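Please look at the sequence and the structure first; I shall then go through selected local features.

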Amino acid sequence: MAAELWLSNLWAKTYSPGLTINNIKQVINETIETNILRKPAPTRLRELIRQIRACRTAAEERAVVNTECAYIRSTFRETDCIWKCRNMAKLLYIHMLGYPAHFGQVECLKLAASAKYTDKRIGYLGAMLLLDERTDVHVLLTNCLKNDLNSPTQFVVGTALCTLAAIASPEMARDLCNDVERLIVSTNAFLRKKAILCAFRFIRRVPELMEDYLPKCEVFLADKNHGILIATITLITEMCEQSSPVLRYFKSIIPTLVRMLKSLTVTGYSPEHLVSGVSDPFLQVKILRLLRVLGHGDPTQTEIMNDVLAQVATSTETSKNAGNAILYETVLTIMNVESENSLRVLAVNILGRFLLNNDKNIRFIGLLTLVKTVHKDMTAVQRHRITILECLSDGDPSIQRCAMELSFTLINTQNIEMVVRELLRYLESTDAEMKALCSSKIVLAAETYSPSIHWHLDVLLRILTIAGNNIRDDVISSTIQLISNSPQHEQRFITDKMWEAIMNMNQLENRQPLVQVAVWTIGEYGESGGFDEYELIEHYRQLLWAPQLSITTKQYILVSLAKISVRIDGCTPDIQNIINSFRVHMNIDLQQRANEFSQLFTNYKHLRTSLLEKMPKLKLSELTTSEYNADFAPGSSSETEQKQEETVPASEPSNQDILLDLLGDCFASDGNGNNALAVVPATQSTQPYLSTSFNHSGLSSNNNNGPSGTGVANNFMDLLGLTAPNQTYQTIHHPSATAAIPAISVYQKDDIHIQFLIHPNVTVDQQTPYPTARITVQTTNGSQATIEKFLFQAAVPKSFVLTLREPSSLVMPPGGTIMQDLLIARQAPPGPSGNGLRMKVRFSYEIENYSMMEQIDVNEFPNGFLLQ
């Protein structure tokens, strides 16, 4: 009875008109193994997933996976196992979890070579996941793929094409390209679509294969099947991006693409291709991407697609994601082709509507696209400035960061106050990393577009207060530099503000950059602050002994405390006591500073005031500038200069070279390769500046000052042991030639304007036929303050002799001018390259108790000057 029941069950399982003998054998073997031999069936994939998800720890998960992998490995050694597909499916799931599954590679090849489609499908799937061109095993799959590409079953061919596109190496692509090319012209639309996509992957790996597919692509664009159209456009786009000649070849299909896109936009209801009320958005997106590639940089072709782009942008539904995807691609296409201004404004307005969408993903896409395209039409983007600034308060950090980056690109002189106000609000709520980036960018924007120094200082103070320890060092240096260059009333304002900040604010250890700038400001301008000196010293004492403050901050405080001793009277003993207490500090730097400052209160008391005087206005040095621009400087020039310096022999310094060192610099070699230079020191002669008058013939001198000037030069040279032979001069007038020489603007910065006025009279030495000229230095004070102790110095190469006469004054009131004459004589013949006049100028002055010094090179003398 039991045997009859078993046979009836077996017949019920095996009897089916569609079953073959092989299937019947498989069912019989399965029944025998499970019912007669009582061999348990392996765990199903669904059960394995349930077991892994039930694990509470990683160790439990590893135990389950290792147990299953051991069982799967044992079944792979069996030759007649009927559960190969199930085991391979479980192994692929384990591989997706990140566990090693390389031992199943050969089993994938066996399943792919199986005659059963179920085995072949799981085998090819395993090959796509476990094999790639870096493994030698994948070469063994070539023959199997070639056989399956010729199979009469379309599903087998389609599976082979998918696998080939996924794992094809360049060698495999060359071997099987003929089979793929044959399938491209197949009458089966299913196979043709997959073959075109496989060709797309071939061209990405082996670009030289694209010539085989060019003529066929134009034919496929006339196909009615949307799947074939999408695959063909994808293939054409890849070929155009790979090759410029192919791009020019396919420009002729732009009218076809425009007509296709227009038909999709105005078409009626088509349920086969409709997605959320939009007609085939996938095909529309592909067409727009191809138009973007074909129309880039080509105004003629762009003119053809302008109308359809405007139609798509205005008629696409925006309530669904499908419509938003089309609008996004339309915006990218408009911005990347040579479209009209009206279309660009329309594209920016679409992105502005994206910013108002409730979906955060769409808002992020809108901001990200605006960041990439804002340079195309800044005016159109400015209209959405309010909406962009509102995104700074969004809860999503990604949206906040994009809005911040976009906000900085929109800043100009008209809107900087409003934009910076919103950015400061964003700065309060953002994380530490973004605080550092945002604060630096705000500082840079304020330096560029600041409406006033008062506003600029207030913004920097707020940045130091809000960002705390998360700001970069450039913010500290920029703030100190701005305070140093501010007027006195602004320095007084910021000093009071800094004092209030460090007095009334808690947790200063979290705002140490603020403490550093505050104590520097108080140390420099403490006499102008309205605070009690005893309260100030006591607060400094607390800061110095606070364990939370860094050593760098305490260095600032100690230097500031020493400077306060000469700014504020009556607190010197207390300051000295505090400094003395740091002479035994554990930190060697603080200890050294305290010992040095202590000497200024005892043995070198007379030097304390001069050594601790106010710092001059801070400016970026040339060294700092060269460091910032090191990446842009040619590397070969420095190597050439080093070689030239090595080949020049060292020589004993002359007296005149020592005088040149007094100016702090020296010239490079002249045109003849001579490194020796001559300089007449900037010592004032006994003859004052000679007044000049302007007549109709040009600029002329009222007195013949050539001989007298030379006498003064010779007397001065006698004092230095550099006596020149007596020289007599005659005056030669060239009114027609020299009267037309314009004045040279030498320096115009910081309200100081220096001009060289070249006089038309030239004297020539009777003994040597070399000319001498007179240049008047005109210095004008354009500031509102009086300039005192003005000193002008100059140096010239050794082939010239320079004499400076006494200036008209040493003081320049606001709008005042100082005149000073220079006598320049050539004493050596010009070289083959001309040896024109070059001059190094240094001038210094005092303004509002600040000492300033500038040094410049003057090489722009008129052509032929002193070369006769």
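**Core, helices and ring pairs**

Lys789 is exposed, because its relative accessible area is 55% (exposed means over 50%, buried under 20% and partly exposed in between, with a 1.4 Å probe and protein chains only). Lys789 lies in strand β9, residues 787-795, and has a positive phi of about 55° although it is not a glycine. Helices here are DSSP runs of H or I with at least four residues, strands are runs of E with at least two, and both are numbered from the N terminus.

A word on the basis of these values. This is a predicted model, in which local features need pLDDT of at least 70 and side-chain atom pairs count only at pLDDT 80 or more, while totals for chains, interfaces and linings use all residues. Residues are numbered from 1 along each chain as its sequence is written, and side-chain values use heavy atoms, with hydrogens and water left out.

Ser276 also has a positive phi, of about 55°, and is not a glycine. Ser276 is found in the loop between β1 (274-275) and β2 (278-279), and is partly exposed at 46% relative accessible area.

The largest nonpolar core has 171 residues, of which Leu164, Phe202, Met239 and Phe250 touch the most other members. Such a core is a set of buried Ala, Val, Leu, Ile, Met, Phe, Trp, Tyr and Cys residues joined through side-chain atoms within 4.5 Å. Helix α26 gives the most to this core, namely nine residues. A second, separate core of 35 residues includes Phe756, Phe800, Met839 and Phe843.

How many aromatic pairs does the structure hold? There are ten, where rings of Phe, Tyr and Trp (its six-membered ring) pair if their centres lie within 6.5 Å, and planes under 30 degrees apart count as stacked, over 60 as edge-to-face and the rest as tilted. The rings of Trp520 and Tyr525 have centres 6.1 Å apart and planes at 75°, so this pair is edge-to-face. Trp520 is buried at 12% relative accessibility, and Tyr525 is buried at 1%.

For Phe756 and Phe861, the centres are 6.3 Å apart and the planes at 35°, so the pair is tilted. This pair links distant parts of the chain, 105 residues apart: Phe756 is in strand β7 (residues 752-765), and Phe861 is in the segment after β13 (850-858). Phe756 is buried, with a relative accessible area of 0%.
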